[in-house]
Amino acid sequence: MELNWQEMLFQFFGGLGIFLFGIKYMGDGLQKSAGERLKEILDKFTTNPFMGVLAGVFVTVLIQSSSGTTVIVVGLVSAGFMTLRQAIGVIMGANIGTTVTAFIIGVDVGEYALPIIAVGTILLFFFKNKKVHNVGQMIFGFGALFYGLELMGGGMKPLRSLEAFHDLTVSMSDNPILGVVVGTLFTVVVQSSSATIGILQELYSSNLVDLQAGLPILFGDNIGTTITAVLAALGASVAARRAAAVHVLFNLIGTTIFLIILPLFSKFVVFLQTTFNLNEPMTIAFAHGTFNITNTIIQFPFIAVLALIVTKLIPGQDSIVDYNSKHLDPVFIEQSPSIALGQAKEEVLRMGTFAVKGLQVTNEFLKTKSSKNSEAAYQIEGAINNLDKKITNYLVDLSSSSLSESESERHSILMDTVRDIERVGDHFENIVELVEYQQANKVKITEDAMSDLEVMFNLTIETVEKAIKSLDLNDTEIAREVAEKEDQIDKMERKLRKQHILRLNEGKCSGQAGIVYVDIISNLERIGDHAVNIAEAVLGVE
């Protein structure tokens with residue numbers, strides 16, 4: 001029988017596209033229904049590796065992508081939200097969570113795919129309620145997932161008559177490592193282990209591969225899915241690269257163990273199939289689930305060893321900004337409000353040092369255009385935002401305690417200072433974005449303008465430093481110096497604007513460069529305003 005390759009390829013790749021869209025759309029619907037607080041979930045519920053595993057399972061079920069969870073984890077480790085050991089637990093949980101898709105596919109509702117899509121469409125287009133809309137999105141994605149599978153299955157069925165494909169499956173049965181390689185490469189190309197597991201379920205149910213060939217492909221799928229995290233970690237911090245390396249190492253070790261016990265594992269899967277009368281897709285789902293859960297159980301006690309291995313493999317010091325608060329103990333709010341106020345002040349001062357550091361790396365980014373500096377600036381700004389929330393909540397809780405008049409005044413100063421420091425973070429983030437715009441659009445700022453910016457930047461950094469110091473020491477003399485320096489910043493801003501207009505009139509500077517330049521000095525001037533607010537609080541100026 002002659003194969004219609006065009007029809008086969010169209011059905012397979014069209015089905016694959018619909019399947020991937022279905023998974024993504026269903027995951028988005030689930031995510032919106034549960035609330036978009038994935039980072040907070042991972043931050044709060046990863047106090048130990050076991051809780052990390054549970055958090056990894058939960059988040060992966062929500063977003064329907066172990067790669068997506070791992071990419072989030074890489075970002076959180078890089079930012080300092082999470083330690084490497086906590087991250088390893090989440091990565092293990094992500095591998096378990098991704099098996100849920102295979103179990104969904106195992107429930108054979110393919111013939112009802114189109115009616116399910118119709119129901120989802122009705123909910124999406126004929127209802128205005130946001131919750132109903134999210135449910136419609138989930139249902140539509142669920143139907144699209146099965147419809148895509150049906151199309152892929154139809155496209156692959158003629159392969160059973162192809163001698164070359166038959167020879168390949170026989171080779172994979174005889175040589176499990178070949179199956180692992182095929183599964184890895186295919187997942188690397190498709191960028192979704194859920195999709196390749198779904199394809200494997202279709203191949204197995206169509207008798208195109210046997211269990212002996214299918215299981216190594218399944219192992220390879222788990223290795224291939226690590227490529228997304230690896231790509232996300234390229235050029236990132238040392239901690240991020242280590243987290244991605246753990247994902248690869250975890251699946252490589254698991255695959256090695258299961259290849260060694262493959263005959264035993266195959267017998268166990270057949271036992272499950274006959275005992276529970278499983279259909280072919282559900283058999284692969286159970287094999288996938290057993291592989292990932294057992295792999296996690298085996299490697300969980302060795303989390304510290306995995307962390308040590310990747311630390312040796314990827315050496316180097318990582319400059320992680322610690323997002324978490326160090327001094328905000330809620331016990332003091334009840335027992336000693338005065339001590340709690342002192343603890344809050346320590347955290348505010350720490351937040352202030354972040355603001356100074358953020359300004360310094362932003363200045364470096366302006367000069368060097370190095371992405372390392374921009375990443376550091378964004379990281380610090382994230383830490384400032386996190387501390388802003390935590391300190392503000394702590395101070396709000398503290399406000400209900402019995403504070404003396406002087407303590408109430410100090411409390412008010414800290415509340416205002418937190419807001420000012422947070423705004424400093426916003427302004428240096430604005431400057432980073434302006435420099436990125438300058439890079440992307442190849443905007444050239446003249447040497448004279450850059451020299452002026454350097455002077456104004458250094459003056460602004462010094463002013464913020466002194467403002468934080470005046471708060472720390474409660475020194476009115478330093479606070480007055482801040483007011484003087486802020487006055488210099490204001491004068492410099494007006495002077496630099498005039499000089500810019502002269503350069504513009506002389507044709508030395510382009511309009512785009514002017515916009516970037518003026519916006520940078522405006523942000524610096526606003527930072528000076530926030531620094532003087534802190535100093536005035538110390539001086540007691542209303």
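At what angle do the axes of helix 6 and helix 8 cross?

## Helix 6 meets helix 8

Keep in mind that you're looking at a predicted model. Helix 6 covers residues 99-106, and helix 8 covers residues 130-156. Their axes cross at roughly 70° and come within 11 Å. Angles from 65 to 115 degrees count as roughly perpendicular, so helix 6 is roughly perpendicular to helix 8.

Who does the touching here? On the helix 6 side, the contact is made by Thr101, Ile104 and Ile105. Helix 8 brings Phe142, Leu145, Phe146 and Leu149.

## Helix 19 alongside helix 21

Now jump further along the chain. The axes of helix 19 (residues 337-368) and helix 21 (residues 405-440) come within 9 Å, and they cross at roughly 15°. Helix 19 and helix 21 are therefore roughly parallel to each other, because angles under 35 degrees count that way. As for handedness, helix 19 passes helix 21 in a left-handed crossing.

What classes of residue make up this contact? Between helix 19 and helix 21 there are 16 nonpolar, nine polar and five charged residues.

## A look at threonine 256

Let's zoom in on one residue. Threonine 256 sits in helix 14, which runs over residues 238-260.

Threonine 256 and phenylalanine 219 are 37 residues apart along the chain, and their C-alpha atoms are separated by 9.1 Å.

Notes
Residues numbered from 1 in each chain as written. Predicted model: local features only at pLDDT ≥ 70, side-chain atom pairs only at ≥ 80, totals over all residues. Heavy atoms only, no water. Axes fitted to C-alpha atoms, helices over the stretch in contact; angles between N-to-C directions. Helix = DSSP H or I, 4+ residues; strand = E, 2+ residues; numbered from the N terminus. Parallel < 35°, antiparallel > 145°, perpendicular 65-115°, else oblique. Contact = heavy atoms within 4.5 Å. Left-handed = near helix turned anticlockwise from the far one by under 90°. Nonpolar A, V, L, I, M, F, W, Y, C, P; charged D, E, K, R; others polar.
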